[in-house]
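Hello, and welcome to this structure. Below are a few notes on how its two parts meet, meant for someone opening the model for the first time.

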Amino acid sequence: MTKWILGFVLFLQAISLQAQGFQPHWIGYPDVDSTSQIWFRQTYLCERRPQFAMLEVVTTGYFDLYVNGYNVSTDVRMPFRKQAFNDRPISLCFDITRFLRPDSNAIAVWYSPSYPHIQPRQVAISYYGRDAENRPFSLVSDSNWLCRKANVRLDTTYDEIFHAPDYSQTQWNATDFAPACWQGAVSLVADNNRKTDYRRVAYTAEHVTKIITPAYYVVEGDTTCYEFNTGFHGYVRVTLRDANMKERLNINGLGYQCSGEMDEQAYRKFTRRTFRNVWITGDQHFKNSQIQRVEGIETAPYPHISWH
């Protein structure tokens with residue numbers, strides 16, 4: 001009972017703070033297109049750890065949200081859209097109190113567009129709560145936020161092209177990162193002609209429901225086919241070892257360029273397909289022995305209930 005009461009109090013606090021008014025403060029990558037996935041980040045300094053903090057993210061595409069390097073949600077490909085190509089602005093809120101540090105807090109967003117839209121208004125972020133002295137605070141995204149293109153992008157068939165990240169890219173959402181590769185985001189005014197869908201306590205979201213192992217595989221020339229016992233909707237994750245740097249693979253439409261590291265994983269980030277089998281082929285350097293593991297990741301919508 002105490003837990004429910006505390007949750008309800010925090011929910012009322014969030015509503016009270018949010019009631020102060022949040023017009024989306026949109027930001028975007030300077031050179032916008034319909035296929036690039038973008039990383040956004042900002043570091044906020046503080047003298048002591050805030051008592052309570054929320055993040056509201058509004059987007060015209062999809063996103064993952066990180067605070068100090070931690071993924072704040074078990075949901076995937078947020079927000080859920082019935083039609084993948086819909087770019088209506090959708091707002092989600094997250095209680096990030098447990099992820100905060102007492103000195104600085106890095107907020108990072110991985111954004112993907114709703115292809116084929118060229119949408120300059122990509123994300124709008126509001127960071128608000130109560131500081132260590134119980135004083136309300138509210139900070140919003142602006143041109144001081146940094147951005148850079150991610151190592152994954154869409155292609156014109158709504159598949160993805162995945163370049164294995166280098167060290168600077170693996171640190172994109174961490175507190176320590178290489179700022180030389182980043183540039184300032186573009187700040188844009190709100191579009192009052194477009195209505196935002198605000199999703200709060202109960203709404204549909206997407207999550208991982210099952211990890212499936214292939215029943216068997218068959219090698220045919222330079223191609224390996226992994227067969228699952230049943231079809232599933234989601235994506236496939238392939239673990240590779242001893243691949244060559246810049247070696248190229250095709251995994252049922254996912255283009256992957258290898259890093260050559262000991263172990264690396266290739267998978268879709270924001271696109272989904274229905275699979276029963278998986279065909280893996282590559283360039284002249286590809287060998288079947290490089291494939292260490294193939295996993296089917298089944299995802300599905302579910303009713304998300306959350307009291308912030």
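**Notes on the domain interface**

1. Between domain 1 and domain 2 there are 6 residue pairs in polar contact, both residues at pLDDT 80 or more. A polar contact here is a pair of N or O atoms within 3.5 Å; within protein, one must be able to donate a hydrogen and the other to accept it, and residues adjacent in sequence count only if both atoms are side-chain atoms.

2. Please keep in mind that this is a predicted model, where local features need pLDDT of at least 70, side-chain atom pairs count only at pLDDT 80 or more, and totals for chains, interfaces and linings use all residues. Residues are numbered from 1 along each chain as its sequence is written, and side-chain values use heavy atoms, leaving out hydrogens and water.

3. Domain 1 covers 23–157 + 171–200 and domain 2 covers 205–302, with bounds from an automatic or database domain assignment. Their C-alpha centres are 29 Å apart.

4. In contact (heavy atoms within 4.5 Å) are 15 residues of domain 1 and 12 residues of domain 2. In domain 1, Val 76, Arg 77 and Phe 80 lose the most area to domain 2, together 50% of what that side buries; buried area is the accessible area (1.4 Å probe) that two parts lose on being put together, summed over both.

5. Arg 77 also pairs with Glu 206 through their side chains, in a salt bridge of 3.2 Å, N to O. The domains share 2 salt bridges, each a side-chain nitrogen of Lys or Arg within 4 Å of a carboxyl oxygen of Asp or Glu.
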